[in-house]
Amino acid sequence: MYYMVKKMILTKQYRCVHSASCQCTKGHLSEDVIFLVFQHLNWNPNLIATLSCACKWFDDIAKRVLWKEFCRTRAPKMMLDLQSSGSHSADGNWRALGKLLIFCSGCTQGGLFDNVEVPGHFVNKTRFSKTLGKSFLMPQCLNDVLYVSEPCEHIDQGEAGDLGFFRGIFKSFASSNVKKMIVNRGAQLHPTEICPYCKAKLWSMLQANMIPQTAKCRLGSHKDYIEYYVCLNGHLLGVCTLLPLSDSEDVSENE
């Protein structure tokens, strides 16, 4: 199965529309066969990303079908809830949501989080919680649904100390109370930075004064430092300082 996928991958052709005259149609498998192959491969995200590079037709299948099945397999209960409002697609598309599930965005020097620089990286497993998401909502917005990941820990980042990066997604963000409040408060979109998952513009929740104390308490942020952004598609990304590990945890059992 893996050999079949590798064999049908071609050099990316950006102008390909997969018409009858297109050269890259030779040797392609049907959409149904591609579905069965990736089902057998358990919706491997690396292979889905590789397939997307072949041509626009493969890229369309990946965005429309394969990333959707990956998300449903990786977080079935969360996906069921996000689609329970009747929507047949995820805000910002399935590929963006798939990346959010498995990629910690980190941050670049001089980017969203000032002088903090931590490279982005893939993660094996991440737990997303609707209960944790509630602590990120203002009292006026508690009817909204937000899933937030447990912080991805990055220890000993120089002067910044121990940092935790977290990410999340709103259900039906376009009609959410959070978006209405952001707009009513006149929050400005970030002039240069964009969402690392869907490339949409970002609002600073710190600038909008919409970071509740409950978020700081729930994450146990050291010195109450927490900052996060929400993009136009409802993806959330942020950082907080973590409490230092206690020296007592290093005491040997012999003592």
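What percentage of the 255 residues in the protein chain is buried? Here are some notes to read alongside the structure.

1. Let's start with the answer: buried residues make up 47% of the chain. Please keep in mind that this is a predicted model. The accessible surface comes to about 13,900 Å², and carbon and sulfur atoms account for 51% of that area.

2. Next, the overall build. You can look for 9 helices and 10 strands in the protein chain. If you take the contacts between residues at least 6 apart in sequence, 59% of them join residues at least 24 apart.

3. The buried residues are Trp94, Ala96, Leu97, Gly98, Leu100, Leu101 and Ile102. At the N-terminal end of α6 you will find a cap, Asn93, with a side-chain oxygen 3.0 Å from the backbone nitrogen of Arg95.

4. Now for the charged side chains. Side chains of opposite charge can pair when their charged atoms come close. This structure holds 8 salt bridges. One of them is formed by the side chains of Arg64 and Glu31, at 3.1 Å from N to O. Arg64 sits in helix α4 (residues 56-74) and Glu31 in helix α2 (residues 31-40), so this pair ties together parts that are 33 residues apart in sequence.

5. Arg64 also forms a salt bridge with Asp60, where the closest N and O atoms are 2.9 Å apart. Asp60 and Arg64 are 4 residues apart in helix α4, which means that about one helical turn separates them. How exposed are the residues in these two pairs? Arg64 is partly exposed at 39% relative accessibility, Glu31 is partly exposed at 30%, and Asp60 is partly exposed at 35%.

6. Another salt bridge to find is the one between the side chains of Asp81 and Lys130, at 3.4 Å from N to O. It links distant parts of the chain, with Asp81 in helix α5 (residues 76-82) and Lys130 in helix α7 (residues 130-134), 49 residues apart. Is each partner buried or partly exposed? Asp81 is buried because its relative accessible area of 15% falls under the 20% cut-off, whereas Lys130 is partly exposed at 37%.

Notes: Residues numbered from 1 in each chain as written. Predicted model: local features only at pLDDT ≥ 70, side-chain atom pairs only at ≥ 80, totals over all residues. Heavy atoms only, no water. Helix = DSSP H or I, 4+ residues; strand = E, 2+ residues; numbered from the N terminus. Buried < 20%, exposed > 50% of the residue type's maximum accessible area, 1.4 Å probe, protein only. Contact = heavy atoms within 4.5 Å. Areas by Shrake-Rupley, 256 points an atom, 1.4 Å probe, with all protein chains shown as cover. Polar contact = N/O pair within 3.5 Å; in protein donor to acceptor, adjacent residues only side chain to side chain. Salt bridge = Lys/Arg side-chain N within 4 Å of Asp/Glu carboxyl O.
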